[in-house]
Amino acid sequence: PGRVIYNGVDLDKYSPEGVENPPRDHFRLLMVEGSYGSGYEGGLETVFELLSLLQRRLDQPLELMVVGNVPNALREKAALAGLNAVTWMGVVKRDEVPAIDRSAHLLFSSDVNAACPNSVIEALACGLPVIGFDTGALAELVLGDAGKIARYGANPWKLQKPDVHALADAAFSVLSNQQTYRRAARDQAQRNFDIQKIADRYVEVLLLDAH
């Protein structure tokens, strides 16, 4: 016998309630990882192309905010690509993440074949919609209108180039209907990722199922 238990999040700490709001004069796309080196470079390279495709379809400027350790070579690649509207936050304290989530319009989860990224469920809890590719467990986490999952369009296990046009379509849909997606994101976190409910599920497995 077995049971799948997702990661949980503190819904009081990670919440839409706060003084931070997304900018009104431009769109902010957020990425949150611990580090973008050692095999995670592909996510940033994908988002550089995404920004180029997406900006042509939007009537407001687009900013990329990146949280995490980014090698200098990748920062230089962004500059060479002409991406000037990039905010490199570097490594931040965990307590700063809820405010950063609330300040964005969209989170791009770039981890290919991810299990249950905390950055995703934390974003949902803050009412921040999520986009990403249909790899790993992401489609199990981002349900309904909590965000938009795009087809990868290639073999993710071989890290082949993904279908960034499909990702741009997903991002455009979310940015075009923020109120619906933001509300659904929070609802999804409340239904499935409340840390109190997750703790109860562990208790059931460890104690009740043992008898």
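**Entry 1: a pair around strand 6 and helix 6**

I started with the side chains of aspartate 163 and arginine 151, which meet in a salt bridge with an N to O distance of 2.9 Å. I then looked up where the two sit: aspartate 163 and arginine 151 are each in the loop between strand 6 and helix 6 (164–176), 12 residues apart, and the pair links distant parts of the chain. A reminder to myself before going on: this is a predicted model.

Which partner is buried and which is exposed? I found aspartate 163 buried, because its relative accessible area is 17% and the cut-off for buried is under 20%. Arginine 151, with a relative accessible area of 57%, is exposed.

**Entry 2: other salt bridges**

How many salt bridges does the structure hold? I noted 8, and I followed up on some of them here.

One of them joins the side chains of aspartate 95 and lysine 13, at 2.9 Å from N to O. Aspartate 95 lies in the loop between strand 3 (86–90) and helix 3 (97–102), and lysine 13 lies in the segment before strand 1 (27–35), so this pair ties together parts 82 residues apart in sequence. I checked both for exposure: aspartate 95 counts as exposed at 60% relative accessibility, and lysine 13 counts as partly exposed at 34%.

Next I turned to arginine 28 and glutamate 63, whose side chains meet in a salt bridge of 2.8 Å, N to O. What does this pair tie together? Arginine 28 is in strand 1 and glutamate 63 in strand 2 (residues 62–69), so the parts joined are 35 residues apart in sequence. Arginine 28 counts as buried at 14% relative accessibility, and glutamate 63 is buried with a relative accessible area of 8%.

**Entry 3: aromatic rings**

I moved on to the rings and found 2 aromatic pairs in the structure. In one, the ring centres of tyrosine 6 and phenylalanine 193 are 6.0 Å apart and the planes are at 80°, so I logged the pair as edge-to-face. This pair links distant parts of the chain, with tyrosine 6 in the segment before strand 1 and phenylalanine 193 in the loop between helix 7 (178–192) and helix 8 (195–206), 187 residues apart. I have tyrosine 6 down as partly exposed, at 23% relative accessibility, and phenylalanine 193 as buried, at 0%.

How are the rings of phenylalanine 133 and tyrosine 152 arranged? Their centres are 5.2 Å apart and their planes are at 75°, so that pair is edge-to-face too. Phenylalanine 133 is in strand 5 (residues 130–133) and tyrosine 152 in the loop between strand 6 and helix 6, 19 residues apart. Both phenylalanine 133 and tyrosine 152 are buried.

I also noted a charge over a ring: the charged end of arginine 57 sits over the ring of phenylalanine 172, 4.6 Å from the ring centre.

**Entry 4: aspartate 145**

Last, I looked up aspartate 145, which I found in the loop between helix 5 (138–141) and strand 6 (147–150). Aspartate 145 counts as partly exposed, at 37% relative accessibility. What does aspartate 145 contact, leaving aside its neighbours within four places in sequence? I wrote down Thr180, Tyr181, Ala184 and Ala185.

Definitions and conventions. Residues numbered from 1 in each chain as written. Predicted model: local features only at pLDDT ≥ 70, side-chain atom pairs only at ≥ 80, totals over all residues. Heavy atoms only, no water. Helix = DSSP H or I, 4+ residues; strand = E, 2+ residues; numbered from the N terminus. Buried < 20%, exposed > 50% of the residue type's maximum accessible area, 1.4 Å probe, protein only. Contact = heavy atoms within 4.5 Å. Salt bridge = Lys/Arg side-chain N within 4 Å of Asp/Glu carboxyl O. Phe/Tyr/Trp six-rings, centres within 6.5 Å; stacked < 30°, edge-to-face > 60°. Lys NZ or Arg CZ within 6 Å of the ring centre and 35° of its normal.
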